Amino acid sequence: FQGCWPGCSCLFISTEVESDILRRVRTLLRELDGHHPACQCDRGMLRWTLHKKIDQNPSNSSILVRILVKELERAERGDFRHYIIPLLHTLMYTLIKAPCISDELCGRVYDFCKKLLTLPKPFCTIGLDYAIRLKMERTAPGMLYQRMVISEQSLKSDPYPYQEKIFIFADPELLSEAICNALVTDTKAAQVSQSPRACMCYVIIHTMQAALGEGCDVSGLKGSLQDMPTSDVEHWFRQVVAAVECAGNEASADRGQHAARLEKVYHTILSSLQAASLFPPGDAPLEGLQDTPLPNPNISFHLWTEDDQLWKELVLFIRPLSQSCEPDGLSQDLDNFEIQDIISDCECCEQTRFSVLSTDSGIERDLPVAAEELFTPCSAETEQSRLQRKGGIKKKTSPLESMAFLQAGCNGPGAKSPVKLQRRLGIPSEPAAPLQRLHTARIVLLGDDRILGRLAQAYHSLRKRETRRVFLTPRLNLQFYYIPIVTGQPNTLAVADHAVTGQEELCEVAGYLSRADPWYESNINALCHMIPKLATMPSSPSKHLVTDLFITDVIAYYVRMGIQPVCFQVYAVKIFFNDPAQEPAEDVFLTELHSQVPESISHRELSMTRKKMTLDGPGIDLTVTYRKVVVSDRVKELAMSLRSTGLVMKAIPADEAEDLVCLNVNITEIVRINNLSGRSFSAVANRLKTRNIKIRSTEQRPFMVCLDKDSRRTYRNVISVEVSPCLEPSYCLQKTRTMKFSLHETEDVGLVKYMPKSLLLPINTFAGIIQ
């Protein structure tokens with residue numbers, strides 16, 4: 001506000017705006033402390049309303065960034081570490097969307113991020129990631145916005161060829177039809193105004209304004225781009241992207257040189273259509289900073305009806321069936337008809353592939369017309385290509401290359417560490433495969449712990465399929481996100497209500513993530529009741545306004561800023577049945593295994609066991625053999641026999657301080673008590689911690705097993721269960737190959753020693769686990 005005098009209304013307005021923004025930021029911090037007002041209706045919306053207020057007046061972006069920097073510095077001095085990551089995410093999201101931020105302000109944020117490198121994880125990890133981004137942003141303003149739009153909208157760009165897509169998966173049996181329909185409507189509505197042409201114009205305008213500041217005539221630039229043919233817009237889009245990427249990748253690049261380079265492009269665009277403007281280029285009245293919308297990401301909504309649906313969608317994302325050739329060489333090793341073959345393998349992925357006798361003569365002119373078209377190359381030299389045999393023997397990757405791909409596909413969380421029992425912090429992994437991963441699939445799960453159990457099954461199946469035939473691993477970066485949805489209404493007054501307790505039991509993973517990451521609690525878990533409420537609201541003009549802006553923005557913010565995975569151990573279970581002719585079943589679970597003795601007994605069993613039940617009490621006799629978990633990780637095998645009516649194995653810790661990766665087993669033991677009045681029985685909770693456990697019914701009476709609280713995954717007539725940590729399929733494959741050459745080796749040797757052993761499911765949050 002240069003040129004203002006004391007008492008000027010500009011200073012008063014600036015002070016009022018700054019006070020309002022500061023008040024909103026402080027309210028957001030009070031929510032992190034749990035000191036939020038009694039009204040919980042706006043809980044989880046504070047961050048959203050803050051960003052929307054800045055979008056309405058983009059010139060206030062610098063004020064918000066300045067306030068957030070001061071609050072970060074104050075949190076560092078006062079050792080309020082739980083404020084740092086939420087404030088830093090809020091700041092970076094503001095900086096990405098801001099039309100223009102001064103180099104001095106970016107420098108302050110950059111210096112603060114460098115200070116975080118002295119703190120433990122995840123502060124140093126997030127600080128390093130943001131410091132790298134800020135360094136490029138200072139050299140080439142607008143780079144973060146440009147890269148985000150290019151990747152999320154899959155715009156064609158040779159300097160930055162990355163693509164991202166969000167897959168929302170919802171189980172129709174866990175969510176109501178109204179919720180599913182509302183989410184489908186919202187995701188479709190979010191894509192209506194996002195044409196490639198509009199997104200390219202957004203990139204050009206934002207980049208020009210970020211580099212030139214208030215000297216950019218945004219209205220004139222919009223008018224020129226609007227009147228241009230699409231081919232010209234694509235041309236200038238490529239020019240702008242090349243200029244920004246060139247400046248960002250040059251070690252000696254200068255911000256001034258970059259601005260001068262873009263200014264030439266800016267004047268060329270304005271002068272290309274002078275008739276569309278009343279003012280000559282450079283003489284147009286400046287209107288200050290204007291907002292350039294950040295388009296919603298490319299989101300697709302899927303009702304999870306098939307077990308292999310996740311894998312099919314990922315395959316089609318990498319290589320759509322309608323695509324005839326790939327610029328990155330993908331067509332050289334996998335053609336369209338092979339994609340069809342791979343998808344057909346989903347139904348028989350565990351079966352042996354038999355060779356088929358070929359009746360092909362090997363001469364291309366003998367091929368039928370339809371088959372000949374399949375081998376038509378993408379180049380113009382068709383006649384020369386007809387002399388070459390296509391679709392012949394293809395080179396198979398060596399075992400070492402396949403192992404490198406599979407090891408890289410584990411994303412690092414399963415790598416062995418000295419502290420074997422400690423739950424690993426999420427670390428963004430670097431691609432180790434020779435092929436560059438240009439695609440990122442962000443899988444968002446909506447529901448409760450039951451859909452995460454299905455995800456664990458699908459992820460295990462995907463890893464097994466990749467071990468058999470490597471395809472996705474070297475090309476795809478896979479990220480998982482979880483948004484809990486509770487269909488019932490919260491009841492804060494009735495604490496002892498069984499419905500509320502049941503809802504909490506179904507969201508144990510969300511509860512653990514909320515305790516580990518307060519920003520996840522504020523922005524994601526706190527909204528678990530809001531999505532069903534918005535979906536069931538009656539139709540009104542304001543309804544679509546709220547849902548489109550709120551739900552879509554929450555999902556977009558989560559996938560954009562949630563970069564720290566929390567890794568959960570997947571457990572394998574082998575189930576033996578009462579019928580000897582029935583093959584044992586193998587399955588996996590993520591959260592819970594529940595075993596219960598059925599109350600209903602057949603008449604034949606009732607007559608045989610009535611006397612025994614009278615003597616020994618209810619339940620059945622079990623033999624439990626387990627490996628006790630201790631902090632020193634020493635192996636201690638224990639065994640016991642008891643009478644029980646059921647047990648529960650929980651893999652999610654009930655307390656964030658209890659961070660051992662193990663199963664908490666609660667066995668309801670029946671104890672016989674002899675007193676003067678006779679014989680009675682009491683139920684005693686027997687608790688133990690283990691990673692490997694075997695449970696067997698000694699009297700051959702069957703019991704029931706349910707996995708991940710999902711009634712659809714219930715096994716009956718079970719007499720024995722074996723549970724152990726699920727092994728990474730690629731580790732098992734390499735271990736088998738190693739054992740062929742060294743039969744007497746018991747420990748891991750060779751390449752197996754450096755491969756991840758356990759199968760861990762990473763779920764992204766904003767901070768991971770804060771120590």
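## Helices α7 and α9

Helix α7 (residues 143–153) and helix α9 (residues 196–212) have axes that come within 10 Å and cross at roughly 170 degrees. Axes here are lines fitted to C-alpha atoms, for helices over the stretch in contact, with angles running from 0 to 180 degrees between N-to-C directions. The crossing angle therefore makes α7 roughly antiparallel to α9; angles over 145 degrees count as roughly antiparallel, under 35 as roughly parallel, 65 to 115 as roughly perpendicular and the rest as oblique.

On the α7 side, Y145, Q146, V149 and Q153 meet C199, Y202, V203, H206 and T207 of α9. Contact means heavy atoms within 4.5 Å. By class, the residues of this contact are five nonpolar, four polar and no charged. Ala, Val, Leu, Ile, Met, Phe, Trp, Tyr, Cys and Pro count as nonpolar, Asp, Glu, Lys and Arg as charged, and the others, Gly among them, as polar.

## The model as a whole

This is a predicted model, in which local features need pLDDT of at least 70 and side-chain atom pairs count only at pLDDT 80 or more, while totals for chains, interfaces and linings use all residues. Residues are numbered from 1 along each chain as its sequence is written, and side-chain values use heavy atoms, with hydrogens and water left out.

The protein has 25 helices and 15 strands. Helices (H or I, at least four residues) and strands (E, at least two) are DSSP runs, numbered from the N terminus. Of the 771 residues in the protein, 50% are buried; buried means under 20% relative accessible area, exposed over 50%, and partly exposed in between (1.4 Å probe, protein chains only). Among contacts in the protein with a separation of 6 or more, 77% come from residues 24 or more positions apart.

## Helices α3 and α5

A second pair of helices is α3 (residues 61–77) and α5 (residues 103–115), whose axes come within 10 Å and cross at roughly 25 degrees. This angle makes α3 roughly parallel to α5. The crossing of α3 past α5 is left-handed; a crossing is left-handed if the near helix is turned anticlockwise from the far one by less than a right angle, and right-handed if clockwise.

From α3, the contact is made by S62, V65, R66, V69, K70, L72, E73 and E76, and from α5 by L105, R108, V109, F112 and K115. The contact of α3 with α5 has six nonpolar, one polar and six charged residues.

## Two buried loop residues

I101 is in the loop between α4 (81–97) and α5. With a relative accessible area of 8%, I101 is buried. Not counting residues up to four places away in sequence, I101 touches S61, S62, V65, L95, C106 and R255. I101 and A211 are 110 residues apart along the chain, and their C-alpha atoms are separated by 9.3 Å.

D171 lies in the loop between β1 (163–170) and α8 (177–190). The relative accessible area of D171 is 1%, so D171 is buried. Leaving aside neighbours within four places in sequence, D171 is in contact with W304, L446, I451, R454 and R712. The C-alpha atoms of D171 and R450 are separated by 9.0 Å, with the two residues 279 apart along the chain.

## Backbone details

The peptide bond from K121 to P122 is cis, with omega near 5 degrees. P122 lies in the loop between α5 and α6 (123–139).

Two residues other than glycine have a positive phi: K709, near 60 degrees, and N717, about 60 degrees. K709 is in the loop between β13 (703–707) and β14 (714–725), whereas N717 lies in strand β14. K709 counts as buried because its relative accessibility is 15%. N717, at 46% relative accessibility, counts as partly exposed.

## Cysteines

The whole structure has zero disulfides, a disulfide being a pair of cysteine sulfur atoms within 2.5 Å. For C201, which is in no disulfide, the nearest cysteine sulfur is that of C199, 9.2 Å away. C201 has a relative accessible area of 11% and is buried. C662 also counts as buried, at 2% relative accessibility.
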